Amino acid sequence: MPSFPQPGKVTIGEINRELVTADHLSDDQARETYGEILGTVFGPVPFESDSILGTEAEQIDVLPRQGNIGILSAVVQALMSGSVKPLFEPADVKLLQYIDLHAVSWHSHKRILAFISGPHQVTICDYDDSDGKSPCVLSSESQKDVKFIEWRPNDGKTLSVACKGGICIWAASYPGNVASVRSVVTSSIISRSSNTRWTLVDFLRSDDNEQISALAWSPNGRYLASAAFDNSSFTIWDVAQGLGTPFRRGLGGISMLSWSPCGDYFFAAKFDGTFYLWETNTWTSEPWSSKNGYVTGATWDPDGRMILLSFSESSTLGSIHFASKAPSLGISYAHLIPVELPEIKSLTGSQVIKNIAWDASGERLAASYVDGDELYKGLVALFDVKRTPLISTSLIGFIRGPGDNPKPLAFGFYNKFKQGPLLSVSWSTGYCCTYPLIFR
């Protein structure tokens, strides 16, 4: 039977397909559950969730769920009163209530967690630092309206932050090894931990001061892709040169970007339900479309041979399999196959998967969903995944966050423990919690 956390309980982690719960969060309970196995404890990191939720509530959460006409009417009234800024073209107004602009990001090689902790700030927890239990906060006059974050691969400690007007690039400095700052950066606030200071080293400025809402690094860390949800084009930046090249296919605003682990493919999804797979040797693309709404989540398998997608109007996922190595984009080489998560409907009563994350081993899948019945509302579903020959899933159970009526804002995996990955979840109740999934 899948593990179910009773109301009032909080999840601590997984031990061999069993999700352990407790009455409250505590280091003692975590140490007893997994501390001896991993040699460390990942305590919850508090943040002011009201400052995030309050800002977006003015633009999103306040909209009544009464169908597209009701939503359109509410937004038009708000626009006329000046209380909401026009984020989308009119055709995209109905999508406002479903947008998830929070982010949690683990460094690909180091035990460093970053998450959005306020409208204009990012919190970093460096568990490899001797003072890792003391998070540091990154903020700057250039860093306004943070919407997305992602660590740069293969380049020490460098974090990209999507914000209003462009992308902030932060880097860690050490005694005797100071990060180089580009001349375009005019002001920054340096945050320190015991051995590290974080410096804003670059600001990649977007056209027309647009709000950047999606980021994706190439696996080699040379190129950074960015996009805005009210723009139909995305930009590929050569970060060392500070130069960006725009790419455009289709008309809808972009909801998501993702680079394959091998770097051969690039994925871009739009709010009109279309999405594009690019082959990066020649930068040619093939269009796809969905009858289940637009793409809300996209995650690659470890080999880059398939990508798993969630959609805004479905509890069924889609998996695109590539029949051969790149370039192979045509219908004869790539196939979209449905991946059922039947327990989401039968147990929770929800009809829609909101977001997904897949760990790098391909063995664990986390999924959040929209609404659901009172007992299952606000939980994160955890699945065991098999990939031979096609993807199949088995529900392990549900993760419940701390506080009253917690809802997952964002989540992501860290994959470097041989006993199993870590899943970190940012909760609406103001805690970012890390759950070890120990099954090896």
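The structure, a predicted model, holds 26 aromatic pairs, where rings of Phe, Tyr and Trp (its six-membered ring) pair if their centres lie within 6.5 Å, and planes under 30 degrees apart count as stacked, over 60 as edge-to-face and the rest as tilted. One of them joins Phe-234 and Phe-266, with ring centres 5.0 Å apart and planes at 40°, so this pair is tilted. Because Phe-234 belongs to strand β15 (residues 233-238) and Phe-266 to strand β18 (residues 265-270), the pair ties together parts 32 residues apart in sequence; strands (E, at least two residues) and helices (H or I, at least four) are DSSP runs, numbered from the N terminus. Phe-266 also pairs with Trp-259 in an edge-to-face arrangement, 4.9 Å centre to centre with 70° between the planes. Trp-259 counts as buried at 11% relative accessibility, and Phe-266 does at 0% (buried means under 20% relative accessible area, exposed over 50%, partly exposed in between; 1.4 Å probe, protein chains only). These residues belong to one aromatic cluster, formed by Phe-234, Phe-247, Trp-259, Phe-266, Trp-278 and Trp-283.

Turning to another region, Leu-38 is among the residues that touch the most other members of the largest nonpolar core, which has 22 residues (buried Ala, Val, Leu, Ile, Met, Phe, Trp, Tyr and Cys joined through side-chain atoms within 4.5 Å). Helix α1 (27-38) and strand β31 (431-438) are among the elements giving two or more residues to this core.

Residues are numbered from 1 along each chain as its sequence is written. Local features need pLDDT of at least 70, side-chain atom pairs count only at pLDDT 80 or more, totals for chains, interfaces and linings use all residues, and side-chain values use heavy atoms, leaving out hydrogens and water.
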